[in-house]
Amino acid sequence: MDKPLNRTYERVMAAIASLNLALVLFDLTYIPLRDFWLLGKVRIPLIQRVIYLPQPLPITHLYDPIKGIQPHRVTQQYINTVNQLRHTITTEGVDAPATQALLTQLQQQSKTMVDTNPFALADKTGILEQIKNRMRQRVFGSRDASSKEAFERFWSSEYINERDWRSNLNWFEKHITPLIATNYWRAYGEDGDFLNRFSVLDLPFNLLFFVEFLGRTFWLSRQYPGYRWRDAMLWRWYDALLFFPFWWLAPTWAWLRVIPVMIRLDQAGLICLDTLERQLSQGLVGAIATDISEVVVLQVLTQLQKAIRRGQFSHWLPRASGLQVNSVNRRVDDIDELGELAALVVQVILQRVVPQLRPEVEALVAYSVDQVLRQAPPYRRLLESPTLGALPLQWRQSLAKEMSDRLFLLLEQASKNQDNPPREGALLVSQLAQKFGQTLSAELQEEQVGKVIQDLLVVWLEELKINFVRQTHLEGIETVLEETRTLQERLAQNRLKP
């Protein structure tokens with residue numbers, strides 16, 4: 001199929017799926033909203049106002065048989081008796097024997113209605129309470145009176161004639177009859193649940209979408225050779241909700257068809273779900289990313305703490321012999337990483353750090369030379385001489401500078417001649433660095449020093465775990481997700497640039 005035909009097909013199927021979803025939602029909400037479909041009125045809670053909406057079709061008469069709803073015998077007979085009373089009074093008068101018989105009949109039916117509560121089956125006991133309260137308020141002007149006495153007095157010839165029978169019957173038909181009419185009787189099925197014939201309406205849609213599912217997945221398996229028919233079915237798993245018999249297995253879950261309907265509307269180009277999809281994915285990632293990151297990081301740090309407590313820290317320290325290994329072709333398993341690291345630290349100290357301390361080194365050397373020379377009596381006599389007192393200072397500075405220059409020259413030669421046979425001075429410096437590393441490694445392996453370092457590392461890792469969890473909850477994973485989304489947008493923009 002070409003693209004225009006594809007788009008038309010998608011839109012037609014999306015429209016049919018939307019119609020089916022609307023029918024499902026109507027069926028799920030029909031019982032709670034039946035009073036609206038029957039009376040056409042909506043009560044606004046905040047302002048306590050009732051709005052009447054005209055019904056273009058007698059929806060309850062059309063859909064009640066689907067839900068197995070029938071007029072309740074008791075309440076329907078009550079309404080029929082009231083209508084018959086109006087007709088009798090109009091034709092024969094209030095004092096006619098037929099009228100008195102109907103009034104007596106209504107008194108008895110009212111007592112039966114209050115005692116038996118025929119509204120219970122439809123879960124409309126609250127409607128019966130409204131009826132009783134309105135009758136109490138109408139007859140006695142108070143809701144504390146007896147509802148049976150209110151009905152008995154209302155359906156008496158004296159009360160009917162007291163205010164003009166037309167006004168009383170009009171009030172009853174306006175305020176009481178609609179409430180009584182909302183009651184119904186609902187048949188039970190053989191499974192013990194209320195009768196529901198929604199399958200009559202839903203089954204044609206189920207068959208259509210089932211056949212369409214088989215055809216679509218078969219076509220996908222042909223279009224993509226790497227996919228088998230079963231793989232294509234898994235690819236379009238959400239379409240199974242369109243033909244799943246919810247009305248048989250789980251009627252209240254039929255609203256799940258909103259998932260394939262929304263996807264089909266998006267595929268047909270009728271709506272755009274890109275923003276919603278991004279928000280849902282970020283919400284899902286955000287819900288689990290924090291827990292996963294905390295579990296992973298805390299697990300690693302906890303295992304590291306346990307290893308340190310088991311005394312494995314001493315095995316990680318560089319061995320003195322490890323610093324002597326310098327073969328280029330050795331295997332990775334033979335490399336003493338921490339030993340090499342210690343040697344590298346020593347090399348950085350001698351080649352990078354010490355040269356930057358040249359002024360301080362010269363001052364220290366000059367001070368040391370001066371302290372040594374002051375032990376000699378001739379040197380002290382020169383310092384006391386007014387004319388020759390400046391000579392020791394010049395000698396001291398010159399000697400300190402010469403010694404510092406020699407020291408830094410040896411360090412420079414040692415660093416430049418690592419691959420060549422070193423000279424005597426550079427060899428001494430190299431031996432000094434090697435000895436420094438070996439001594440440092442040996443001292444770190446001492447039991448007392450290692451125990452202190454072990455305790456400090458365990459405490460530091462514990463603080464690291466606490467700070468990590470606290471910082472994660474303070475910043476929230478949403479910050480990281482927002483940064484990720486921003487980077488993705490920048491990357492997409494860079495790809496679009498020519």
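Q: How many helices and strands are there in the protein?
A: There are 24 helices and four strands. Keep in mind that this is a predicted model.

Q: What is the mean pLDDT, then?
A: The mean is 78. Of the residues, 67% reach 70 or more.

Q: Where does pLDDT stay under 50?
A: Residues 1–5 are one such stretch. The model gives that stretch one contact beyond four places in sequence. Residues 319–333 also have pLDDT below 50.

Q: How many contacts does the 319–333 stretch have beyond near neighbours in sequence?
A: It has 23 in the model.

Q: OK, packing. What share of the residues counts as buried?
A: 31% of the 498 residues. The protein exposes about 32,400 Å². Carbon and sulfur atoms supply 60% of that area.

Q: What share of the contacts with a separation of 6 or more comes from residues 24 or more positions apart?
A: 63%.

Q: Which residues touch the most other members of the largest nonpolar core?
A: Tyr-78, Met-135, Trp-155 and Phe-172. The core has 30 residues.

Q: And which elements give two or more residues to this core?
A: Helices H4 (73–92), H5 (97–116), H6 (125–139), H7 (147–154), H8 (157–162), H9 (165–175) and H10 (177–181).

Q: Stay on Phe-172. What does Phe-172 touch, leaving out residues up to four places away in sequence?
A: Tyr-78, Val-82, Met-135, Phe-154, Trp-155, Thr-177 and Ile-180. Tyr-78, Met-135 and Trp-155 are also named with Phe-172 for touching the most other core members.

Q: What about the second core?
A: It is separate and has 16 residues, including Val-24, Phe-26, Trp-37 and Tyr-184.

Q: Last one, Pro-204. Where is Pro-204 found?
A: In helix H11, residues 199–223.

Q: How far is Pro-204 from Asn-20?
A: They are 184 residues apart in sequence. In space, C-alpha to C-alpha, they are 10.0 Å apart.

Key: Residues numbered from 1 in each chain as written. Predicted model: local features only at pLDDT ≥ 70, side-chain atom pairs only at ≥ 80, totals over all residues. Heavy atoms only, no water. Core = buried A, V, L, I, M, F, W, Y, C linked by side-chain atoms within 4.5 Å. Buried < 20%, exposed > 50% of the residue type's maximum accessible area, 1.4 Å probe, protein only. Contact = heavy atoms within 4.5 Å. Areas by Shrake-Rupley, 256 points an atom, 1.4 Å probe, with all protein chains shown as cover. pLDDT = per-residue confidence, 0-100.
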